[in-house]
Amino acid sequence: MTQGNFPVDKMKGIETPYYYYDMDLLKKTLKVVKEETKKRGFTQHYAVKANANRRILELIASDGFGADCVSGNEIKAAVNAGFPASKIVFAGVGKTDKEINLALDLNIFCFNAESLPELEVINELANKKGKIAQVALRINPNVDAHTHEYITTGLNENKFGFALSHLESAIEKLNELKSLKLIGIHFHIGSQIEDINIFEPLCQKVNELQDFFESKGIKLENINLGGGLGIDYENPDKNPISDFEGYFEVFKNNLKVRDGQQVHFELGRAIVCQCGALVTRTVYVKHGESKTFVIVDAGMTDLIRPALYQAYHKVENISSNLPSQQYDVVGPICESSDVFVKDYDLNETQRGDILVLRSAGAYGEIMASQYNCRDLPKAYYSDKI
């Protein structure tokens, strides 16, 4: 029996909760991204923080993508999965000496630096190794991404990047730091951006900044626009692949690229989100005073986004074809926030029914925890189940 993209009979015999990945959909998504970047001459790095599952990373690396990392262990995971160090960029506001030394030893492509103190530390550590570290300045362009406040990163109130008013100081400092080479500028204004027109003011800001750097005699070899393209959480079957064509076309039409300049992107969610689902089993159906609760064996330890961001994931009962009823779908964790959806229409559900939470391939498995001493969820794949 197959319901939608899910082989129900095979899935019944697997201990829940677990993550299920549609590898065919991931391959199709990667193919689209490659085609759309190639036709415009862009370079794509995969944002490892979205999902660092080893098989996922290996597939993306084998397709020729670079990697965007935000920790030393992400760098290790990327290298171990087959990403060449020459295609790795390292971002993050709090890079430790240990992480910087690791990246220097591997000769990664670029550090996306976010503060003056960080530039000084990278310079010091590179100098001790007799190396020149390539850096890009992450700039906070003060562009509103119109997304959830927890995943907005490009406003003045956010912790990320250099403020525009500090760029003069950064350039002066770079002139003093002889073990650094400035090779570009970097931006990332937020995640899950559904209106691609939001990226137009980012392009305008980048164009202005290019003029600013050139007025200082600095030619930038690389422009890194980050990521942020959203996915359709409401209709994963209708829109399994995001509008990559429209997204990249915004930059092609609005960004003034200089001769010989490379334009980089760091998409994560839009690449892996729709290929993943969290699979869980109904433990109890509890009838309360005013609500009926479907209590499942997955919780916020397996998928924290609903509790952390009040994020929505479509829930499907793939065991039932009965008429729908209204439920709160909740987990077993001893926290009142351990709720996936409230007042939700779901096919009539019974103990033992299998439910899937869709669009969980990004910020799902990677953010799982062992709170309440729970086991981490395992992963299974459409081509090996």
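**Cores, domains and local geometry in a predicted model**

Glutamine 210 sits in helix H8; helices (H or I, at least four residues) and strands (E, at least two) are DSSP runs numbered from the N terminus. The model is predicted: local features need pLDDT of at least 70, side-chain atom pairs count only at pLDDT 80 or more, and totals for chains, interfaces and linings use all residues. Residues are numbered from 1 along each chain as its sequence is written, and side-chain values use heavy atoms, with hydrogens and water left out.

Glutamine 210 counts as buried, at 2% relative accessibility. Buried means under 20% relative accessible area, exposed over 50%, and partly exposed in between (1.4 Å probe, protein chains only). The side chain of glutamine 210 makes a polar contact with the side chain of glutamine 261, at 2.9 Å. A polar contact is a pair of N or O atoms within 3.5 Å; within protein, one must be able to donate a hydrogen and the other to accept it, and residues adjacent in sequence count only if both atoms are side-chain atoms. With neighbours within four places in sequence left aside, glutamine 210 is in contact with Leu220, Ile223, Lys256, Arg258 and Gln261. Contact means heavy atoms within 4.5 Å.

A nonpolar core is a set of buried Ala, Val, Leu, Ile, Met, Phe, Trp, Tyr and Cys residues joined through side-chain atoms within 4.5 Å. The largest such core has 99 residues, and Phe111, Leu137, Phe213, Leu225 and Ile271 have the most contacts inside it. Helix H8 (residues 199-215) gives this core its largest share, six residues. Domain 1 and domain 2 both give residues to the core, so it lies between them. Another core, of 11 residues, lies apart from it; Phe6, Ile14, Val279 and Val356 are among its members.

Isoleucine 271 contacts Leu26, Thr29, Leu30, Val33, Gln44, Tyr46, Ile60, Phe65 and Phe244, leaving aside neighbours within four places in sequence.

The domain assignment gives domain 1 (8-18 + 274-381) and domain 2 (23-273). These bounds come from an automatic or database domain assignment. The C-alpha centres of the two domains lie 33 Å apart. Across the boundary, 21 residues of domain 1 are in contact with 23 residues of domain 2.

Helix H7 (residues 167-176) has a buried side. Leu167, Ala170, Ile171, Lys173 and Leu174 are buried there. Viewed down the axis of H7, the buried residues fall within an arc of 165°, so they line one face of the helix. The arc is that of the directions from the helix axis to the C-beta atoms. The face turned away from the buried side carries the exposed residues Glu172, Asn175 and Glu176. Helix H6 (116-128), strand E8 (133-140), strand E9 (162-163), strand E10 (180-186) and H8 are included in what covers the buried residues of H7.

Several loop residues were examined. Glycine 361 lies between strand E18 (354-357) and strand E19 (378-381). Glycine 361 is buried, with a relative accessible area of 0%. Phi of asparagine 372 is near 65°, a positive value in a residue other than glycine. Asparagine 372 is partly exposed, at 35% relative accessible area.

Threonine 349 is in the loop between strand E17 (339-347) and E18. Threonine 349 is buried, with a relative accessible area of 5%. The side chain of threonine 349 reaches the backbone oxygen of asparagine 347 at 2.7 Å.

Glutamine 310 occupies the loop between helix H11 (305-309) and strand E15 (315-317). Phi of glutamine 310 is near 60°, again positive in a residue other than glycine. Glutamine 310 is exposed, at 60% relative accessible area. The peptide bond from threonine 16 to proline 17 is cis, with omega near -5°. Proline 17 lies in the loop between helix H1 (8-12) and strand E3 (18-21).

A disulfide is a pair of cysteine sulfur atoms within 2.5 Å. By this rule, the count is zero. Cysteine 203 is in no disulfide; the nearest cysteine sulfur, that of cysteine 110, is 19 Å away. Cysteine 203 counts as buried, at 0% relative accessibility. Cysteine 373 counts as exposed, at 76%. The sulfur of cysteine 373 is 11 Å from the closest cysteine sulfur, in cysteine 334, too far for a bond.
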